[in-house]
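Hello,

Here is the structure I said I would pass on. My notes on a pocket and a helix pair follow it.

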Amino acid sequence: MDATFFFDPICPWTWRTSRWLVSVAEARDLRIEWRAFSLGILNDGKVPPEYAEAMTASTRALRLVEALRAGGRHDDVGRFYAELGARTHDAGNPPSGKLVAAAVEAAGLDDAAAALDDARWDAEVHASHSLAYASAGPDIGSPVLMVAGADRGLHGPILTEVPGAEDALVLWDSILPLMRMPAFHELKRARH
C-alpha cells in the first residue's frame, strides 16, 4: 500500500482528512489501506454519557473495518467509510447503530455484516490501534497516516475543511517528504 490511514469513524476531523486523502489517491493513483484507530481505546473506555451511542457505533464499525482488511478488502472498507461518513458527518447526524447498518447495506457488504457484532475482532482493532499509536504517538488521536518509505506515522493532517483538488495535491506533496525525513517531528497551529 502507498498509504495507511488509521481512523475512528466518529471523528469529524478524521472524516475531512479522509476525503482529502481519497482525492489525492484518485489523482496520484495511490492505494490506501484503511485501518482502525479507536478513540474509545485511546480514552481507556471512559466515555461521557452523551457519546455512548456514538462510541458503540464506532466499536461495531471498527470491527468491520478490521474484518474487511484481514480479507484484503481495502476498497470495501473505503466504500463503507464513505457511506457512513455521508450519513453522519455530511448529513449532521450523530453516529448510531442504525446508520452503521445503513452504511453496510449501501456499500453492499451484507456478506461481512456479522463482524459488526463479533467481539473476536476487538483484538484486531486493539492491534491496529496500537500500531498507529506506536507509529505516531504519544499524545495523538485520530487520524494517523503512514506512508511507504517513512519510519514513523503522522497524526493528521487535521483539516478544517476538505481542500480543493489543487490544494489537496500541494498538501500531499508538502507532507510526503517531511514524513520521510527522520529529523522531522511536528508542525502545529491552534484551531479557530
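The largest pocket holds about 1,400 Å³ of space. A pocket here is an open set of points on a 1 Å grid over the protein atoms alone, where a 1.4 Å probe fits, with protein on both sides within 12 Å along at least five of seven lines; lining residues have an atom within 4 Å of a point. The volume is the space filled by probe spheres set on the points, which are joined across faces, edges and corners.

The model is predicted: local features need pLDDT of at least 70 and side-chain atom pairs pLDDT 80 or more, while totals for chains, interfaces and linings use all residues. Residues are numbered from 1 along each chain as its sequence is written, and side-chain values use heavy atoms, without hydrogens and water.

The pocket lining has 34 residues, and His155, Pro157, Ile158, Leu187 and Lys188 lie nearest the centre. Helix 7 (165-180) and strand 4 (154-155) each supply at least two lining residues; helix 7 gives the most, with 6. Helices (H or I, at least four residues) and strands (E, at least two) are DSSP runs, numbered from the N terminus.

Now the helix pair. Helix 3 (residues 52-70) packs against helix 4 (residues 74-90) at about 160°, with the axes 8 Å apart. Axes are lines fitted to C-alpha atoms over the stretch in contact, and angles run from 0 to 180 degrees between N-to-C directions. The two helices are therefore roughly antiparallel, a label for angles over 145 degrees. Ala61, Leu64, Val65, Leu68 and Arg69 of helix 3 meet His74, Asp76, Val77, Phe80 and Leu84 of helix 4, where contact means heavy atoms within 4.5 Å.

Regards

Methods. Parallel < 35°, antiparallel > 145°, perpendicular 65-115°, else oblique.
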